[in-house]
Amino acid sequence: FGPAELHANGFYATGDDDPEDNDVDSFIVIEGQSHYWSEIMGFGIFDNVASVGSPADQISNIWAANLGATFKLTDKLSLTPDVWYAQLAEEDENGEDELGYEFNLKATYKLMENLNLDVVGAYLLAGDATSLDGNNENDPYLIGTRLSLSF
């Protein structure tokens with residue numbers, strides 16, 4: 001759509017419906033595999049901490065959907081808003097399955113050829129499965145910057 005690009009993403013990975021039995025029903029992640037998706041629930045570009053309850057980049061027992069766009073504002077500046085919804089495929093030990101809605105906004109500025117500055121903001125409207133005890137009171141957020149060099 002001219003200077004705008006729409007994108008969508010989604011995935012589903014089974015969970016174990018009864019951890020007490022001897023059947024392994026959950027999707028098994030291959031050693032060394034990693035899938036970075038949302039900024040807070042799925043490691044994103046900072047890839048060091050994910051929200052409680054989320055499998056992060058080791059996709060298992062989850063389904064998620066994303067809708068977003070990239071707007072090229074100038075030759076050097078682009079803006080990318082994204083919305084994610086994620087839920088556990090099987091309820092956790094507290095009987096909860098909703099991880100929540102995550103809103104991401106990334107501004108990318110091309111400083112010079114192959115050198116970009118990203119400014120990222122993310123906010124998670126946390127569901128009840130994003131908690132250690134099923135009683136979530138705080139919504140996590142993230143703000144960060146990154147310099148990326150391609151060569």
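Analyst: The chat below covers aromatic pairs, then strand pairing, then pockets.
Analyst: This is a predicted model, in which local features need pLDDT of at least 70, side-chain atom pairs count only at pLDDT 80 or more, and totals for chains, interfaces and linings use all residues. Residues are numbered from 1 along each chain as its sequence is written, and side-chain values use heavy atoms, with hydrogens and water left out.

User: How many aromatic pairs does the structure hold?
Analyst: There are five aromatic pairs. Rings of Phe, Tyr and Trp (its six-membered ring) pair if their centres lie within 6.5 Å; planes under 30 degrees apart count as stacked, over 60 as edge-to-face and the rest as tilted.

User: Why is the pair of W37 and W84 edge-to-face?
Analyst: The ring planes of W37 and W84 are at 65°, with centres 5.2 Å apart, so the pair is edge-to-face. The pair links distant parts of the chain, 47 residues apart: W37 is in the loop between β1 (4–13) and β2 (62–72), and W84 is in strand β3 (residues 77–87). Strands (E, at least two residues) and helices (H or I, at least four) are DSSP runs, numbered from the N terminus.

User: Is W37 buried or exposed?
Analyst: W37 is buried, with a relative accessible area of 8%, and W84 is buried at 4%. Buried means under 20% relative accessible area, exposed over 50% and partly exposed in between (1.4 Å probe, protein chains only).

User: Which residues form one aromatic cluster?
Analyst: F11, W37 and W84 form that cluster.

User: Changing topic, how do β2 and β3 run?
Analyst: β2 and β3 run antiparallel, joined by eight bridges, and a hairpin of four residues connects them. Two strands pair if DSSP finds at least two bridges between them. The bridge partner of W63 is Q87 in β3.

User: And how many bridges join β3 to β4?
Analyst: 11 bridges join these antiparallel strands; P81 stands opposite L105 in β4.

User: Now pockets. Which residues lie nearest the centre of the largest one?
Analyst: W37, E39, T80, D82 and K106 lie nearest its centre, among 13 lining residues. A pocket, on a 1 Å grid over the protein atoms alone, is an open set of points where a 1.4 Å probe fits, with protein on both sides within 12 Å along at least five of seven lines; lining residues have an atom within 4 Å of a point.

User: Which strand gives the most to that lining?
Analyst: β3 gives the most to the lining of the largest pocket, with three residues.
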